[in-house]
Amino acid sequence: MSDDRETDTASESSYQLSRHKKSPSSLTNLSSSSGMTSLSSVSGSVMSVYSGDFGNLEVKGNIQFAIEYVESLKELHVFVAQCKDLAAADVKKQRSDPYVKAYLLPDKGKMGKKKTLVVKKTLNPVYNEILRYKIEKQILKTQKLNLSIWHRDTFKRNSFLGEVELDLETWDWDNKQNKQLRWYPLKRKTAPVALEAENRGEMKLALQYVPEPVPGKKLPTTGEVHIWVKECLDLPLLRGSHLNSFVKCTILPDTSRKSRQKTRAVGKTTNPIFNHTMVYDGFRPEDLMEACVELTVWDHYKLTNQFLGGLRIGFGTGKSYGTEVDWMDSTSEEVALWEKMANSPNTWIEATLPLRMLLIAKISK
């Protein structure tokens, strides 16, 4: 991907996730003591799918902008002034890192995308930027101007905060009032792309950390993480009414085949019940800060597996063993589950979490 910021289309791309091979000794020896007979390994291509996050944040607030056609330059000028009362992507701190993106539609590619700078840590960003399009007025009158607001997090992922669309065919260019700054309420996305990325279903699961006491020592040195995948709900149908889904688990940063376990495939339902427990040992208490449980749901069809959605459960700190990694990107709900598990050893902690788009690593041999 040449433009790392352009990750908010629901495109499937074979984007290699940079995984750091420096995994700690204890986690490279993760043995998976799952009581499951191994499935014959599927030579399915592991696709990495990445998308902007539509529909997870509420859409609220307003944007203030003005448009003008400058005849002498044959340019459309979009003056983006500010936004107010945007939704908070960071719920705890009640703030977002918003920027505004402009497209002329329907020919989104040709005219190109224009963007403002990102304004950090605010729900009321001020931009005062002019986005310019070199375009003949006749052509402009066949276009729609689409302005969308996005939150851009530290992992360069984008979350949709709302949009406004102006039909330029009916716009009165001669009316002086129309050159004034005006407030517009932000609306939810209605594009099919958004709906497709919106609902990937949910997973019901429970986690437990079991420290292993060592005779003669007060503190346990290592322990086991138990992952009980109970069921999935409302999985998306990618092939008409057919679905044959299974769940795969990897403990990052270890992407070796050793760390991978999977459930059996359950066919003919969008609400598959797996009731499968995966056990990983060799976890020191300090490893819980650095590791992340990646659960992905796949539709198995013939020789390929198609990605449906996933979870990454960890502390979401953006770092693992001192290295910045893009997979430490747990949502607040995913972090809450991991925190509860770490703070309540020997107790099953249950949650139902929404599946989401993930950047998926290629498996290292």
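Helices (H or I, at least four residues) and strands (E, at least two) are DSSP runs, numbered from the N terminus. The close-ups below come from a predicted model, in which local features need pLDDT of at least 70, side-chain atom pairs count only at pLDDT 80 or more, and totals for chains, interfaces and linings use all residues. Residues are numbered from 1 along each chain as its sequence is written, and side-chain values use heavy atoms, with hydrogens and water left out.

View 1. Glutamate 334 sits in helix α6. Is glutamate 334 buried or exposed? It's buried, because its relative accessibility is 1%; the cut-offs are under 20% relative accessible area for buried, over 50% for exposed, and partly exposed in between (1.4 Å probe, protein chains only). The side chain of glutamate 334 makes a polar contact of 2.9 Å with the side chain of arginine 356. Polar contact here means a pair of N or O atoms within 3.5 Å; within protein, one must be able to donate a hydrogen and the other to accept it, and residues adjacent in sequence count only if both atoms are side-chain atoms. Now look at aspartate 329 and arginine 312, whose side chains meet in a salt bridge at 3.1 Å, N to O. (A salt bridge is a side-chain nitrogen of Lys or Arg within 4 Å of a carboxyl oxygen of Asp or Glu.) Aspartate 329 is in the loop between β20 (323-324) and α6 (332-343), while arginine 312 is in strand β18, so this pair ties together parts 17 residues apart in sequence. Aspartate 329 and arginine 312 are both buried. Through shared partners, salt bridges join Glu294, Arg312, Asp329, Glu334 and Arg356 into one network.

**View 2. Lysine 137 pairs with glutamate 71.** There are eleven salt bridges in the structure, and one of them brings together the side chains of lysine 137 and glutamate 71, at 3.2 Å from N to O. Lysine 137 is buried at 18% relative accessible area, whereas glutamate 71 is partly exposed at 48%.

**View 3. Glutamate 75 with arginine 132 and lysine 134.** The side chains of arginine 132 and glutamate 75 form a salt bridge of 3.8 Å, N to O. Here, too, distant parts of the chain are linked, with arginine 132 in strand β7, glutamate 75 in strand β4, and the two 57 residues apart. What is the relative accessible area of glutamate 75? At 13%, glutamate 75 is buried, while arginine 132 is partly exposed at 42%. Lysine 134 also belongs to strand β7. The C-alpha atoms of lysine 134 and glutamate 75 are separated by 4.5 Å, though the residues are 59 apart along the chain. Lysine 134 itself is exposed, with 61% relative accessible area.

**View 4. A positive patch of four lysines.** Which residues form the positive surface patch? They are Lys92, Lys93, Lys120 and Lys121. Lysine 121 is in the loop between β6 (114-115) and β7 (126-134), and it counts as exposed because its relative accessibility is 54%. Patch residues have over 30% relative accessible area and no salt bridge, with like charges joined within 9 Å and nonpolar side chains (Val, Leu, Ile, Met, Phe, Trp, Tyr) within 5 Å.

**View 5. Histidine 226 in strand β12.** Histidine 226 is part of strand β12 (residues 222-233). Its side chain is joined to that of glutamate 224 by a polar contact of 2.8 Å. Histidine 226 is buried, at 14% relative accessible area.

View 6. Where is the cis peptide bond? Look between leucine 252 and proline 253, where omega is near 10°; proline 253 lies in the loop between β13 (244-252) and β14 (261-262). Aspartate 234, in the loop between β12 and β13, isn't a glycine, yet its phi is positive, near 55°. Aspartate 234 is partly exposed, with a relative accessibility of 45%. Lysine 302 isn't a glycine either, and its phi is positive at about 55°. You'll find lysine 302 in the loop between β17 (292-301) and β18 (304-314), where it counts as exposed at 63% relative accessibility.

Definitions and conventions
Areas by Shrake-Rupley, 256 points an atom, 1.4 Å probe, with all protein chains shown as cover. Lys, Arg positive; Asp, Glu negative; His and termini not counted. Charge placed at Lys NZ, Arg CZ, Asp CG, Glu CD.
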